[in-house]
Amino acid sequence: MSSAITQAQAELVSFADPSDAAALQQLLELLYALGRRDLPLGRLFEGHVDALQIITRYAAPDLADAAVAAARRGATFGVWNAGLPGEPLRLAEDRLFGGKSYASGAGILSHALVTADTDAGPQLLLLDLALVPPTIDAEWWDVIGMARSQTHIVRWDGAPVDAAARIGAPQDYIREPWFSGGALRFVAVHAGGVAALFDQVRDHLNAASRAGDPHQRARLADLFGLADLAASAVRATATAWFDEPDATRLPRVAAARLQVADLAQRAILLAQEAVGLPGLFHAHPLSATLTDLMVYLRQPAPDAQRAKVGAAAAAGDLGPKL
C-alpha cells in the first residue's frame, strides 16, 4: 500500500494548499480516480496529502521542505486526530502519553501527524514512527469494509518527543478555512466510489448478457445519474471555493459532503438490486466496493454538517442558483 501511495503522488506538482481552482481540481480529480480504483488506497492517499498540506502550511520552511523531500523518497504520512476515549493523547514534559483512535495506516505509514493535548491547547506533532513507534491494537478494527486501510488504535506510554516535532502553534490544526474545507478531499474519494459502483454494475451486466434487459437498463441509467451528480457536486464546490467568502464556501463543502453521501447510499442500494446475490460474494469486485463505501461514508458529525448548511441557508449565505 505504501508503494501505491508513493506512485500516486507522482501526479502531484505540489503538496502546498491549492492556490487556484485549477490546482484544486487537479488534486480532486486524482483523489476521485483513486477512489474509483481502490477506496482504501484513496483514503490513505487523502490522509497523506492532508498531512503534507498541514506541514507545508504551518511548519518552519526547513522542516516542511524536509518532509516533502522525504515523501518524494517514499515516506508516507497520515493525520491521526481522533482522540482515544478515556486516554487522550497528551504531551507532558516532552513525552507522549495516551493514544488515538481511528488511526488509518497504522503499521503502513512511516510518519504520523498527531494532535496532542497541552496546557495551551492541541499541538500538532510530526512523529517519525520508526523512532517513536506506537503500540498498535489491530484487533479493534473488525469491520465489514475498509479493512485494508489498517485503521487501528495506537498508544504511547512516555515516548520522548523532540521539540522539533512541533508543527505550528497550538490550535493551528482547527484553523479555518482548511480544517472544514479539507473535507472536500474525502468527498472526492467518496464520489469516486460511487463511480466505481457504476463501473462494476455495467461490467457485470455486460459480462452476464443482462444489459439488454429493460429493467437493468433503467437501473444503469439511474446509477449513471447518481454517479454523475456526485462528481458534479465535487466539481461545483471546487469551482466556488476561490470565488466565495468563508460564510458561503464552508457550508457549501458541508452540503457537498451530505449530497454525495446521500447519492452514494442510493447507489449502494441500486447496485445491489442490479447485480443481486452474485455481487455479495467475496470474489466479486462489487462486494468490496459496497462494504468499503458503506464504512467510509460514516464520517463524524453528519448532523453538525446539516445544521451548518441549514444555518447558512437561513442567513441567506447559501441558496440554489443556475
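Me: What is the relative accessible area of Trp-140, and how should I read it?
Reply: Trp-140 has a relative accessible area of 31%, so it is partly exposed. Tyr-102 falls into that class as well, with 49%. The model is predicted, and these values are computed from it.

Me: How far can I trust the prediction, going by pLDDT? What is the mean for the protein chain?
Reply: pLDDT expresses the predictor's confidence in each residue, on a scale from 0 to 100. Here the mean for the protein chain is 95, and 100% of the residues reach 70 or more. Among the elements, helix 5 (residues 178-181) has the lowest mean, 91, while helix 6 (residues 183-207) has the highest, 98.

Me: Back to the rings. How many aromatic pairs are there, and how do I read the geometry of Trp-80 and Trp-156?
Reply: Plane angles under 30 degrees count as stacked and those over 60 as edge-to-face, with the rest called tilted. The count is six aromatic pairs. For Trp-80 and Trp-156 the ring centres are 6.4 Å apart and the planes stand at 40 degrees, so this pair is tilted. Trp-80 is in strand 1 (residues 77-80) and Trp-156 in strand 7, so the pair ties together parts that are 76 residues apart in sequence. Both Trp-80 and Trp-156 are buried.

Me: And which arrangement do Tyr-102 and Trp-140 adopt?
Reply: Tyr-102 and Trp-140 are edge-to-face, with 4.9 Å from centre to centre and 80 degrees between the planes. Tyr-102 belongs to strand 3, and Trp-140 sits in the loop between strand 6 (135-137) and strand 7, so this pair links parts 38 residues apart in sequence. Ring pairs also bring in Trp-141, giving a cluster of Tyr-102, Trp-140 and Trp-141.

Me: Strand 3 and strand 7 have both come up. In which sense do they run, and how many bridges join them?
Reply: For strands, read the direction and then the bridge partners. Strand 3 and strand 7 (residues 152-160) run antiparallel and are joined by seven bridges. One partner pair is Leu-96 with Ala-159 in strand 7.

Me: How does strand 2 pair with strand 3?
Reply: Strand 2 (residues 90-92) and strand 3 (residues 95-103) are antiparallel too, over three bridges. Arg-90 stands opposite Phe-97 in strand 3. The hairpin of these two strands has two residues between them, and Glu-93 takes a positive phi near 50 degrees there.

Me: What should I look for in a nonpolar core, and which residues have the most contacts inside the largest one?
Reply: Look for buried nonpolar residues joined through side-chain atoms within 4.5 Å. The largest core has 75 residues, and Phe-45, Ile-55, Phe-77 and Leu-113 have the most contacts inside it. Apart from that core lies another, of 19 residues, including Leu-91, Ala-103, Ala-116 and Trp-156. As for Ile-55, its contacts beyond four places in sequence are Ala-64, Ala-67, Phe-77, Leu-113, Leu-126 and Ile-167.

Me: How many salt bridges are there, and what does Arg-57 pair with?
Reply: The structure holds 14 salt bridges. Arg-57 pairs with Asp-17, the closest N and O atoms being 2.7 Å apart. Arg-57 is in helix 3 (residues 39-58) and Asp-17 in the loop between helix 1 (2-9) and helix 2 (21-37), so the bridge ties together parts that are 40 residues apart in sequence. Arg-57 is partly exposed at 23%.

Me: How far apart in helix 3 are Arg-43 and Glu-46?
Reply: They are three residues apart, which means a separation of about one helical turn. Their closest N and O atoms are 3.6 Å apart in a salt bridge. Arg-43 is buried at 18%, and Glu-46 is buried at 7%.

Me: Which residues are linked in a network of salt bridges?
Reply: Arg-36, Asp-199, Arg-202 and Asp-203 are linked in this way.

Me: Finally, where is His-284, and is it buried or exposed?
Reply: His-284 is in the loop between helix 8 (246-275) and helix 9 (285-296). At 15% relative accessibility, His-284 counts as buried. Beyond four places in sequence, His-284 touches His-204, Val-275, Pro-278 and Gly-279.

Terms used
Residues are numbered from 1 along each chain as its sequence is written. Side-chain values use heavy atoms; hydrogens and water are left out. Helices (H or I, at least four residues) and strands (E, at least two) are DSSP runs, numbered from the N terminus. Buried means under 20% relative accessible area, exposed over 50%, partly exposed in between (1.4 Å probe, protein chains only). Contact means heavy atoms within 4.5 Å. Two strands pair if DSSP finds at least two bridges between them. A salt bridge is a side-chain nitrogen of Lys or Arg within 4 Å of a carboxyl oxygen of Asp or Glu. Rings of Phe, Tyr and Trp (its six-membered ring) pair if their centres lie within 6.5 Å; planes under 30 degrees apart count as stacked, over 60 as edge-to-face and the rest as tilted.
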